[in-house]
Amino acid sequence: MRTVIAGGHGQIALRLERLLAARGDEVAGIIRKAEQADDLREAGAEPVVLDLESASVEEVAERLRGADAAVFAAGAGPGSGAARKDTVDKAAAVLFADAAVRAGVRRFVIVSSMGADPRHQGDEIFDVYLRAKGEADAYVSGLDALDWTILRPGQLTDDAGTGLVRLEARTGRGPIPRDDVAAVLAELVDTPATAGLTLELISGPAPVSVAVKSVAGN
């Protein structure tokens, strides 16, 4: 299986690349800076240098052709201003989804955020972020040409993963190690029966594979 990840140098993406490569999958990560390439190679991924804030749909589609799945894990980051929430968290997600459609890649997983809502009110940076994420989710979920799954993790931590999670339409707030988010993403990519679902994720009682099978109806 070949998976292309947008935001390939992100903390969750690097973990996901290692997991996919370790199980024998082919994985490519889209990155903005060439100096990030060695980190991807070390994770077992092929680095693809492309700026999603300036690339065309066709340029992104070209990098997606032949893939079995696409994962949007890019983000403007906590230090960025409101403008980049729109250009990365929203616009780049929309671009990546449109490119997947053009490239014929049906399986599409987007890393969103708990509380994401296109109607979210407020003018603080985090308000803008939740609105941008919500708008991206709404756009992706409206594309019939994609078998999409939206994952909304709770508060991200750098604690070691436990492999135990709660994955449901509504979990309530809570923390989740990035290790476990990556593990869930690796399962979701390979579980097209979760298409059409928006899922919240926090630490919980169920092993990752059991949690994913449960929401997939298995």
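## Strand 4 and its partners

Strand 1 and strand 4 pair in the parallel sense, over 4 bridges. Within this pairing, Ile-5 has Val-71 of strand 4 as its bridge partner. This is a predicted model. Strand 4 also runs parallel to strand 5, and 4 bridges join these two strands. Here Val-71 stands opposite Val-109 in strand 5.

Is strand 4 covered on one face or on both? Both faces are covered. Ala-69 and Val-71 are buried on one side, and Ala-70 and Phe-72 are buried on the other.

Thr-3 stands opposite Val-27 in strand 2. Further along the order, strand 6 (residues 147-153) and strand 10 (residues 197-203) run parallel, again joined by 5 bridges. Ile-150 has Thr-198 in strand 10 as its bridge partner. The pairing of strand 10 with strand 8 (residues 164-168) is antiparallel, over 4 bridges. There, Arg-166 has Ile-202 of strand 10 as its bridge partner.

## Phe-108 in strand 5

Phe-108 is found in strand 5 (residues 107-111). Is Phe-108 buried or exposed? Its relative accessibility is 0%, so Phe-108 counts as buried.

What is Phe-108 in contact with, leaving aside neighbours within four places in sequence? The contacts include Ala-70 and Phe-72, two residues of strand 4 that are themselves buried. Ala-93, Phe-96, Ala-97 and Ala-100 are also among the contacts of Phe-108. Ala-93 and Ala-97 are part of the contact that helix 4 makes with helix 5. Val-140 touches Phe-108 too, and Val-140 is on the helix 5 side of that helix contact. Other contacts of Phe-108 include Leu-146, Asp-147, Trp-148 and Thr-149. Asp-179 is a separate case: Phe-108 and Asp-179 are 71 residues apart in sequence and 20 Å apart in space, C-alpha to C-alpha.

Helix 1 has 12 residues and reaches 17 Å from its first C-alpha to its last, close to the 16 Å expected at 1.5 Å a residue.

Which residues of helix 1 are buried? They are Ile-12, Ala-13, Leu-14, Leu-16, Glu-17 and Leu-20. In an α-helix there are 3.6 residues a turn, so residues three or four places apart point the same way. The cover over the buried residues of helix 1 includes strand 1, strand 2 and strand 4. It also includes helix 2 (37-43), strand 7 (155-157) and helix 6 (178-189). Gly-24 follows helix 1, and its phi is positive, near 95°.

## Helix 4 against helix 5

Helix 4 (residues 82-103) and helix 5 (residues 125-141) pack at an angle of about 10°, with their axes 8 Å apart. They are therefore roughly parallel to each other. On the helix 4 side, the contact is made by Ala-82, Lys-85, Asp-86, Asp-89, Lys-90, Ala-93, Val-94, Ala-97 and Asp-98. On the helix 5 side, it is made by Ile-125, Val-128, Tyr-129, Ala-132, Lys-133, Glu-135, Ala-136, Tyr-139 and Val-140. By class, this contact has 11 nonpolar, no polar and 7 charged residues.

Asp-89 lies in helix 4. At 2% relative accessibility, Asp-89 counts as buried. Neighbours within four places in sequence aside, Asp-89 is in contact with Tyr-129, Ala-132, Lys-133 and Ala-136, among others. Its contacts also include Ala-74, Gly-75, Ala-76 and Arg-84.

Gly-134 is found in helix 5. Gly-134 is buried too, with a relative accessible area of 1%. Not counting residues up to four places away in sequence, Gly-134 touches Ala-116, Asp-117 and Pro-118. Gly-134 and Ala-116 are 18 residues apart in sequence and 4.4 Å apart in space, C-alpha to C-alpha.

Methods: Residues are numbered from 1 along each chain as its sequence is written. This is a predicted model: local features need pLDDT of at least 70, side-chain atom pairs count only at pLDDT 80 or more; totals for chains, interfaces and linings use all residues. Side-chain values use heavy atoms; hydrogens and water are left out. Axes are lines fitted to C-alpha atoms, for helices over the stretch in contact, and angles run from 0 to 180 degrees between N-to-C directions. Angles under 35 degrees count as roughly parallel, over 145 as roughly antiparallel, 65 to 115 as roughly perpendicular and the rest as oblique. Contact means heavy atoms within 4.5 Å. Ala, Val, Leu, Ile, Met, Phe, Trp, Tyr, Cys and Pro count as nonpolar, Asp, Glu, Lys and Arg as charged, and the others, Gly among them, as polar. Two strands pair if DSSP finds at least two bridges between them. The expected span of a helix is 1.5 Å times one less than its number of residues. Buried means under 20% relative accessible area, exposed over 50%, partly exposed in between (1.4 Å probe, protein chains only).
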